[in-house]
Amino acid sequence: MTIENLKYRFDNGTPIQGATAIVGVLGSGNLEVLVEPAALNGACEIEVSTVARGFGAIWQAVMKDFFARHRAGDIRISVNDAGATPAIVSLRLDQAIETYKGKGPRKVQP
Amino acid sequence: MPNSSGKIWDNERQRRNRKLERAASALGDSLRDKVVSADMAVQLLEAVLEPGDRVCLEGNNQKQADFLAQALTRVDPARVNKLHMLQSVLALPEHLDLYELGIAEQVDFSFSGPQATRLARMVGKSPEGKSKVRIGAIHTYLELFSRYFVDLTPHVALVAAQSADAHGNLYTGPNTEDTPAIIEATAFKNGIVIAQVNELVDKVPRVDIPGDWVNFVIPNPRPHFIEPLFTRDPAQISEIQVLMAMMAIKGIYAEYGVQRLNHGIGFDTAAIELLLPTYAASLGLKGRICSHWALNPHPAMIPAIEAGFVKSIHCFGSELGMENYIAARPDVFFTGPDGTMRSNRAFSQAAGHYACDLFIGSTLQIDMAGNSSTATLDRISGFGGAPNMGADAAGRRHASPAWLRAGEQRRTQYPGIPRGRKLVVQMVETFREHMQPAFVDKLDAWKLAEFANMPIPPVMIYGDDVTHILTEEGIANLLLCANAEEREQAIRGVAGYTAMGLGRDVRIVENLRDRGVIRRAEDLGINKRDATRDLLAARSIKDLVRTSGGLYQPPVRFRNW
């Protein structure tokens, strides 16, 4: 199966402090999200690698809403997706940010 | 017999009597009382069936008259043909073989889950422009049963029972299901009833069907097939389903004080059932919601029952493995003097339609008017009971708090004389597996109607019956929508990242949210981070067994320990 790689960058976020966090699992219909600190002048960079090709527009909309919710800057997010629905993607991203900020980690089950 | 005007008024009875005489002579000494040996089944069917007869072959949602179905495929099509089949469910390959073999030509049915794909292929026209099977109509269960008593009365009914005595008294037990409705219509209108039974006994545990309504009993070589349709392994419930279940409980059940309800089948509703003793209890809802049910005995209900949430459950059918648990909880389930449950699909469907305040279930597609369908072009799956549950009971007259509140909300938009409204909730994730959107511009049902030459698209639940649509993005309360445009935006507003959702008018949707027409998890005070599987009262089949004190005995396929 060919992988599709997608990249997004959102500027003018609020830099947030935290420690590298990873949530989720790479099982079918699920995904792994890694959040790392990065000196990006307040930007948030997201790199997606997904087995589901051709859903770029939906990823774009999901990521835009994610950034609008948290406005988290100075982080780099890597998403490793095994065909998760947008609902699961949004949930994992929110969980990853909370965990990064140290509010977690809560138990995350597949 | 002729009356004074010379007109004969018992043609049908005479015809039945001739059939019975033919059967007696075909069976000869092998007929003892009403008992026919299994190897004479085909001869019996050939004796009592005439071309064009309406034949009700008991294919229920669960229990199957599978032996009689097989026997029917072996009759001589030169003698028995053009049969008009009546069936709740087309479940077995034999059910469709009848049309390939030239034994039957028309079917009226309700549901065809397991045979849906093959049925669609058979309905499609052959190169000669002729389809193999003619579908009279696809019904709901209650609708089909009703027609048994009006214009589709069976000439012959082929049914399944657990046991029988030599006089034909039948014990149908926990999986009574459709049998009483079928036999009543047949036996009292000059028809012939043949029952396959798992065992012949001296005395049945209880008489579910009196012997004088039954003409022949055939002990079959192996027990009839029963499908465990309602068992959902809690291990497969996702966090999104937990989140949606939390929204259902807090945003709908608590909001309206829903005490009497029906749940559709699936993981979405299983999640609600498993959240009752945990999340709902933590909101102080025990005793305030979910006390009376029209529902199959879902194993996922065990924790809620054990926690004292549930006062009663009347069942359409039973569920494999639940027999001992049900028998040990007669305060909750409807059980006979012998201790086992008696289900009854006709009564339970009527109960679900008239005596429940809420139906919640899932679907495959919803359009922008809120119409929903499970039909796709390559599958004719039918309806089952969902449309009877998932419809406002316009004939209802008794009041309850949930019903009155829903009616009140409706009147904020459409003033009129005070009356209530059933809550009909469609619960779907915006995308199904493989990114299939649940929200569509046009239902596949339209294409299917054209392909299969149906007079109307097969809609499962009509948009004007739906009161709420619940997705992971929120709840749209359609009762509060002023017009079709608002309604469409309310639906788009919970349609997530589907094309329909992305096509929303953001300004109108925000306005609907301000008015409480759309409510998101955060509007309901639900923190999405709390939506974890830890909230489920059972997280595996083994947990369910443990909670039942070992009374629940799941079929082997659900055991992984």
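Two residues are taken to be in contact if their C-beta atoms, placed from the backbone, lie within 7 Å. With that in mind, and remembering that this is a predicted model, select Leu275(B): setting aside neighbours within four places in sequence, its contacts are Ala245(B), Met246(B), Ile249(B), Ala280(B), Leu535(B) and Leu536(B).

In soluble globular proteins, nonpolar side chains tend to be buried together.

Now select helix 6 (residues 141–148) and helix 12 (residues 345–354), both of chain B, whose axes come within 9 Å and cross at roughly 125°; because of that angle, helix 6 of chain B counts as oblique to helix 12 of chain B. On the side of helix 6 of chain B, show Tyr141(B), Leu142(B) and Phe145(B), and on helix 12 of chain B show Arg345(B), Ala346(B), Gln349(B), Ala350(B) and His353(B), which together make the contact. Sorted by class, this contact between helix 6 and helix 12 of chain B has five nonpolar, two polar and one charged residues.

Finally, turn to where the chains meet, a contact that takes 17 residues from chain A and 16 residues from chain B. On the side of chain A that touches chain B, the largest share, seven residues, comes from helix 2 of chain A, and the residues of that side divide into nine nonpolar, four polar and four charged.

Conventions. Residues numbered from 1 in each chain as written. Chains lettered and ligands numbered in written order. Predicted model: local features only at pLDDT ≥ 70, side-chain atom pairs only at ≥ 80, totals over all residues. Axes fitted to C-alpha atoms, helices over the stretch in contact; angles between N-to-C directions. Helix = DSSP H or I, 4+ residues; strand = E, 2+ residues; numbered from the N terminus. Parallel < 35°, antiparallel > 145°, perpendicular 65-115°, else oblique. Nonpolar A, V, L, I, M, F, W, Y, C, P; charged D, E, K, R; others polar.
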